[in-house]
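Subject: The structure I promised you

Hi,

Here is the structure we talked about, handed over for you to look through. Have it open while you read, and my notes on it follow below.

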There are 2 protein chains.
Amino acid sequence: MSARRVSSRFPQLPLDSLVLDEAAGEPLYRQLYLQLRSLILEGSLSGGFRLPSTRKLATEHGISRNTVVAAYDQLEAEGLIEPRRGSQTCVRSQPEPPRSETAPMFDDFLSRRGALMLAETLRYVSQDDPQFGLLVPGAPDIRRFPFAKWRRLLNNRLLARKEDVFGYHDYGGYPPLRAAITRYLAASRGIRCEPDQIVVTTGAQAALDLLARLLVDPGDVVWMEDPSYPAAQAVFMAAGAVLQPLPVSPTGWDIRNPPRDRFRAAYVTPSCHCPYGTTMPFEQRDQLIALAHERNAWIIEDDFDAEYHLTRNTIPAMQAISADSRTIYVGTFSKTMFPSLRIGFMVMPPTIQRSISRATFLSSQYPSILLQAVLADFLDEGYFSTHLAEMRRLYRQRRGDFLRLGRRYLSEWLEPMESASGIQSLWFFRDQTMDDHEVVARMRANGLRGVPLSMHFRHIAPLRGLVLGFAGQDSNRAERALIRLRAILETCGPDCRVRGGGTPGAPTDDMTPGL
Amino acid sequence: MSARRVSSRFPQLPLDSLVLDEAAGEPLYRQLYLQLRSLILEGSLSGGFRLPSTRKLATEHGISRNTVVAAYDQLEAEGLIEPRRGSQTCVRSQPEPPRSETAPMFDDFLSRRGALMLAETLRYVSQDDPQFGLLVPGAPDIRRFPFAKWRRLLNNRLLARKEDVFGYHDYGGYPPLRAAITRYLAASRGIRCEPDQIVVTTGAQAALDLLARLLVDPGDVVWMEDPSYPAAQAVFMAAGAVLQPLPVSPTGWDIRNPPRDRFRAAYVTPSCHCPYGTTMPFEQRDQLIALAHERNAWIIEDDFDAEYHLTRNTIPAMQAISADSRTIYVGTFSKTMFPSLRIGFMVMPPTIQRSISRATFLSSQYPSILLQAVLADFLDEGYFSTHLAEMRRLYRQRRGDFLRLGRRYLSEWLEPMESASGIQSLWFFRDQTMDDHEVVARMRANGLRGVPLSMHFRHIAPLRGLVLGFAGQDSNRAERALIRLRAILETCGPDCRVRGGGTPGAPTDDMTPGL
């Protein structure tokens with residue numbers, strides 16, 4: 001090897017550790033730069049340390065002076081070294097250690113709206129959550145994603161280096177992706193729309209946040225499924241909405257009592273109710289659409305888990321049957337591709353699209369165009385539907401296994417909602433005084449995830465149970481997780497009971513016919 | 001070639017076009033699926049068309065029945081075909097053509113807040129803009145980005161397929177990226193912070209939007225540079241803020257008249273003022289920090305174009321010298337990497353970080369973790385600073401050329417702001433009755449971009465001029481663009497003059513000492 005140690009003729013001791021190797025893949029200047037940088041950032045070369053002149057360092061070690069100049073230039077550009085008088089170059093003093101934090105607590109510092117936004121997220125987001133775990137609801141099995149295909153498409157886009165994929169761009173969404181989404185929606189969801197009706201966002205959550213901000217003023221009524229997806233409740237609350245409950249039971253939606261006054265919007269998950277996993281019948285969709293028309297309100301159709309419906313012939317989306325363009329459809333690729341992709345979308349009338357896509361520029365709630373372009377290719381090449389078809393088969397299998405295994409290990413405490421679609425499974429506590437938040441906390445302490453059913457309720461009396469993900473792990477791992485959950489439930493004594501005896505959540509025949 | 005045409009023994013004419021080629025890269029089932037799908041989506045096979053049975057199609061053409069079953073399965077999964085009685089398979093009827101839009105115009109439909117958000121974006125965003133063009137302010141030269149290196153790092157991440165990069169995740173930012181950003185900030189901006197003080201967002205705009213929502217209530221005063229970045233004004237307006245001007249002239253910031261009442265926040269671009277490109281002196285930074293402390297207000301430091309400062313020894317960021325953690329720093333990688341990456345970040349006290357990162361979950365204003373991971377690698381490998389150093393050299397050269405060429409072709413009409421940093425160049429009209437909006441409209445019609453200077457002013461009397469990008473094209477293309485701009489200016493007669501004579505924007509000695 002031609003590794004060359006900078007000799008000890010050179011007086012500054014920390015530099016003795018420099019090793020430059022001509023045979024290495026990195027150019028010599030870069031090797032020198034990286035090693036000097038490490039020495040400075042580690043503190044081995046501290047502020048004020050005088051570096052040898054470029055000429056001296058080059059001569060002493062038989063390397064080109066340009067090599068040393070290039071390394072010094074880069075260190076200087078990074079602010080790590082600085083020229084001094086007389087062609088001296090010194091290590092720059094690094095900033096002081098972090099100051100002790102003197103800011104008061106945040107609740108004094110946030111605006112009222114900020115405090116409200118935080119209070120809403122604190123209802124269901126804990127930053128100390130483990131990031132992964134078994135039984136996570138809503139998690140697809142990313143190990144089964146066809147990364148080789150996706151990587152090939154991504155590389156094609158990177159090699160083509162088209163300006164449209166790397167510059168500033170269409171904030172309503174990359175046009176070929178919008179076109180690909182319209183084709184997908186026509187084929188799979190019965191929605192016939194044009195690309196100029198699509199807005200691409202950083203996930204369904206961003207779409208809901210944008211809609212809440214653009215459609216709802218503080219004090220406006222939003223008619224919202226109860227129970228429903230907590231993060232959807234949160235965005236409307238954060239927008240200042242007054243939520244009124246649209247009661248949903250395991251048997252269906254009760255739309256007989258709409259808000260008396262004007263409501264701006266109704267939020268529903270008709271394909272796969274969150275958390276029950278049920279599907280809204282055609283008749284109720286029609287009634288809701290008629291009601292929204294009469295009341296001049298928006299319907300926000302969150303097409304939650306529609307792709308993982310148990311049967312293939314799902315009812316078309318409400319957007320598809322809504323005659324007067326008052327329905328805005330919200331979808332996501334988080335569960336059909338992979339969650340960290342951060343791409344979702346909305347479908348709406350073209351005039352509204354123009355307004356909302358402008359607003360996405362303001363809030364920057366649109367994803368990297370590069371990833372949008374690769375997703376468009378993935379859809380157009382048919383890989384998406386191949387993958388989705390495979391995952392449907394796989395998850396149907398896993399769902400069956402999970403129900404069987406869950407009954408084997410958990411039936412002393414829990415009973416499943418049988419008819420549910422989606423990629424999670426809902427289990428009701430037989431004893432409705434069980435504190436599902438406490439059980440989930442114990443699960444987390446043991447590496448299991450899960451969501452307490454009661455968290456989804458806002459106004460109506462909560463039912464208690466567990467929402468468990470069956471798609472993210474194979475059935476062997478699921479079985480081990482269920483055995484662990486059984487052990488946890490066995491430790492649950494009176495300290496796992498709801499204070500006050502649980503009467504609010506006491507199930508009635510009407511509410512829990514599936515039990 | 002082993003291409004095999006499905007023979008005409010088969011009665012349905014549209015299927016005659018099927019060509020299956022065993023030597024092609026695609027499996028036969030996929031060829032069949034893709035071709036049938038095209039026929040259906042094109043309308044060549046319409047709703048109700050009876051497909052041959054899998055057995056029949058397979059037998060007739062000597063392919064395996066499983067091949068046909070696999071193709072049909074996928075078409076069925078996509079909702080394009082459906083089983084009928086008696087093992088018949090038919091093409092499914094596709095949805096109706098788009099309905100005529102019956103929704104009233106959006107201003108009836110948007111909330112008041114939505115209408116405000118839209119009005120603000122309409123001030124400066126036109127969806128009909130060409131996406132690209134010459135002289136775009138703020139555009140880096142993406143052709144010079146080291147895509148080969150970036151692609152290698154991206155492929156490494158894709159091949160590793162680590163769960164943390166593809167699943168649900170840290171919405172405050174991917175931890176290794178937060179760590180890499182702290183190292184970069186320490187070296188280049190004098191900021192010593194910890195990873196738990198960073199929130200990663202989908203660009204600086206998302207950061208400003210989050211801050212406006214979290215820190216400002218409707219009616220709160222925000223003390224805002226005037227002129228300033230229009231999209232920053234827009235997010236505070238959309239949050240309901242009352243903007244009070246912090247006047248900035250080409251010579252400096254006038255902080256002598258802060259708002260009388262409480263103000264929640266001051267928005268400044270101290271490294272490189274938008275649009276003047278000037279740098280706030282150290283003393284004024286100190287005064288502003290003291291004032292914010294006294295008034296219990298936030299400073300939002302948008303470190304606009306700090307990386308492209310003309311001289312290397314920039315003044316440290318205000319966040320670095322702010323003793324009481326009231327300064328929130330906002331940065332972006334849009335101009336140092338490439339715009340469509342959509343990654344920016346904020347630095348703030350840790351308690352605030354915890355609140356704000358939770359809120360990013362609510363609004364989904366965080367970028368794909370995959371891209372965050374690759375950016376972390378790009379920073380850690382030192383490629384970022386190499387690239388930045390090269391671009392600094394390149395843009396310094398281009399800036400010099402641009403000023404020289406601009407003076408050659410435009411000096412009859414325009415005079416440059418000499419001392420400006422950043423990657424755009426500001427030119428004042430000698431005749432301040434010139435309508436810069438009209439000139440920019442004519443430029444757009446001729447393939448040139450540019451931003452009217454007057455658009456940046458909200459309360460104080462506007463100056464008129466052009467903000468032109470010099471970084472996004474080489475000097476030859478810039479010269480051709482400037483020659484075209486000269487031709488446009490030669491056509492500007494009285495119809496390019498501000499109605500009413502332009503007195504509001506008449507420059508005073510105090511305002512335009514650079515002229």
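At what angle do the axes of helix α13 (residues 350-363) of chain A and helix α5 (residues 112-122) of chain B cross? Before the answer, please keep in mind that this is a predicted model. The two axes cross at roughly 75° and come within 9 Å of each other. An angle from 65 to 115 degrees counts as roughly perpendicular, so α13(A) is roughly perpendicular to α5(B). On the chain A side, the contact is made by A:S355, A:R358, A:A359 and A:L362 of α13(A). Facing them from α5(B) are B:M117, B:L118, B:T121 and B:L122. Sorted by class, this contact of α13(A) with α5(B) has 5 nonpolar residues, 2 polar ones and 1 charged one.

How the two chains are related

Chain A superposes on chain B through a rotation of 180° with 0.0 Å of shift along the axis, and the RMSD is 0.1 Å. The two copies are therefore related as by a two-fold rotation axis. Which residue of chain A comes closest to that rotation axis? That is A:Q365, whose C-alpha lies 2.8 Å from the axis. Both copies use the same surface, as 100% of the contact residues of chain A recur in chain B.

Chain A as a whole

Chain A has 17 helices and 17 strands. Of its 515 residues, 62% are buried. If you take the contacts in chain A between residues at least 6 apart in sequence, 71% of them join residues at least 24 apart.

Aromatic pairs

Over all chains, the count comes to 34 aromatic pairs. One of them brings together A:Y276 and A:F428: the ring centres are 6.4 Å apart and the planes stand at 35°, so this pair is tilted. A:Y276 sits in the loop between β10 (265-268) and α11 (282-295) of chain A, while A:F428 belongs to strand β15 (residues 424-429) of chain A, so the pair ties together parts that are 152 residues apart in sequence. A:Y276 and A:F428 are both buried.

A second pair is A:F333 with A:F384, where the ring centres are 5.5 Å apart and the planes are at 80°, so the pair is edge-to-face. A:F333 is in the loop between β12 (327-332) and β13 (344-347) of chain A and A:F384 is in helix α15 (residues 383-410) of chain A, so here the parts tied together are 51 residues apart in sequence.

Backbone details

Most residues other than glycine have a negative phi, and most peptide bonds are trans. Here are some exceptions to look up. A cis peptide bond, with omega about 10°, joins A:C274 and A:P275. In chain B, the peptide bond from B:D226 to B:P227 is cis, with omega near 5°. B:P227 is found in the loop between β7 (221-226) and α10 (230-238) of chain B.

As for phi, A:R342 is not a glycine, yet its phi is positive, near 60°. A:R342 is located in the loop between β12 and β13 of chain A, and it is buried, with a relative accessible area of 6%. B:L135 likewise has a positive phi, of about 70°, although it is not a glycine. You will find B:L135 in the loop between α5 and α6 (147-160) of chain B. With 0% relative accessibility, B:L135 counts as buried.

One more spot in chain B

B:E194 is in the loop between α8 (175-189) and β6 (198-201) of chain B. Its relative accessible area of 36% makes B:E194 partly exposed. Along the chain, B:E194 and B:V347 are 153 residues apart, and their C-alpha atoms are separated by 9.0 Å.

Terms used: Residues are numbered from 1 along each chain as its sequence is written. Chains are lettered from A and ligands numbered from 1 in the order in which they are written. This is a predicted model: local features need pLDDT of at least 70, side-chain atom pairs count only at pLDDT 80 or more; totals for chains, interfaces and linings use all residues. Side-chain values use heavy atoms; hydrogens and water are left out. Axes are lines fitted to C-alpha atoms, for helices over the stretch in contact, and angles run from 0 to 180 degrees between N-to-C directions. Helices (H or I, at least four residues) and strands (E, at least two) are DSSP runs, numbered from the N terminus. Angles under 35 degrees count as roughly parallel, over 145 as roughly antiparallel, 65 to 115 as roughly perpendicular and the rest as oblique. Contact means heavy atoms within 4.5 Å. Ala, Val, Leu, Ile, Met, Phe, Trp, Tyr, Cys and Pro count as nonpolar, Asp, Glu, Lys and Arg as charged, and the others, Gly among them, as polar. Copies are superposed by least squares on the C-alpha atoms of residues with pLDDT of at least 70 in both. Rings of Phe, Tyr and Trp (its six-membered ring) pair if their centres lie within 6.5 Å; planes under 30 degrees apart count as stacked, over 60 as edge-to-face and the rest as tilted. Buried means under 20% relative accessible area, exposed over 50%, partly exposed in between (1.4 Å probe, protein chains only).
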